[in-house]
Amino acid sequence: MLKLTPAERSALRSEAHALNPVVIIGEAGVTPSVLKEIDTSLDAHGLIKVRVFGDDRDARIETYETICDKLGAAPVQHIGKLLVLYRPKKETSRERSEKRGKGLREVTIVKASPSGTKRPSVTKVVLKGNERVTAGGNVKRAKKRQSSSKKSALGRA
């Protein structure tokens with residue numbers, strides 16, 4: 001079980017205030033599928049709320065301790081039927097796939113003045129992955145936008 005300092009616990013309690021319960025434990029109690037769901041939620045969010053149905057306070061406390069022991073989580077708060085759990089997120093390295101396009105890139109566009117006697121205008125623009133710069137210095141989307149068949153039938157596309 002993970003140990004937290006009182007200051008850390010206080011900060012996590014204030015963070016958890018706005019959260020909604022992501023896992024609900026029913027009559028069956030802590031089953032392997034419930035533990036797996038709590039584990040997945042902790043990996044994804046780090047800080048979660050769990051709602052436990054049942055009127056027995058001692059059973060809820062036992063459930064709380066069981067979950068914390070089995071999953072290596074820290075108990076943050078237990079108010080009524082709500083349990084707040086914390087476990088630091090695991091760092092996962094995601095590699096960039098070859099299929100994905102380019103990300104944001106900064107491009108300098110130089111346009112000649114309309115009269116030809118003044119200095120050319122220089123602008124820096126951030127392009128998204130699906131945009132390109134035309135020969136005239138305009139930004140265009142590389143692919144045609146999808147349009148709704150319903151809107152095109154009505155003449156709005």
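**Sheet, helix packing and nonpolar cores**

In the predicted model, Ile25 stands opposite Val52 in β2. Helices (H or I, at least four residues) and strands (E, at least two) are DSSP runs numbered from the N terminus. Residues are numbered from 1 along each chain as its sequence is written. Local features need pLDDT of at least 70 and side-chain atom pairs count only at pLDDT 80 or more, whereas totals for chains, interfaces and linings use all residues; side-chain values use heavy atoms, without hydrogens and water.

β1 and β2 pair in the parallel sense over 4 bridges, pairing requiring at least two DSSP bridges between two strands. They belong to an open sheet of 4 strands with mixed pairing, in the order β1-β2-β4-β3. β1 and β3 (74-79) are the edge strands.

Helix α1 (residues 6-16) packs on this sheet, touching β2, β3 and β4, where contact means heavy atoms within 4.5 Å. α3 also packs on the sheet and touches β1, β2, β3 and β4.

The largest nonpolar core has 16 residues, and Ile25, Ile38, Leu42, Val50, Ile67 and Leu85 have the most contacts inside it. Such a core is a set of buried Ala, Val, Leu, Ile, Met, Phe, Trp, Tyr and Cys residues joined through side-chain atoms within 4.5 Å; buried denotes under 20% relative accessible area (1.4 Å probe, protein chains only). Two or more residues each come from β1 (21-25), α2 (32-45), β2 (47-52), α3 (57-71) and β4 (82-86). A second, separate core of 7 residues includes Leu4, Ala16, Ala74 and Val84.

Key. Buried means under 20% relative accessible area, exposed over 50%, partly exposed in between (1.4 Å probe, protein chains only). Axes are lines fitted to C-alpha atoms, for helices over the stretch in contact, and angles run from 0 to 180 degrees between N-to-C directions.
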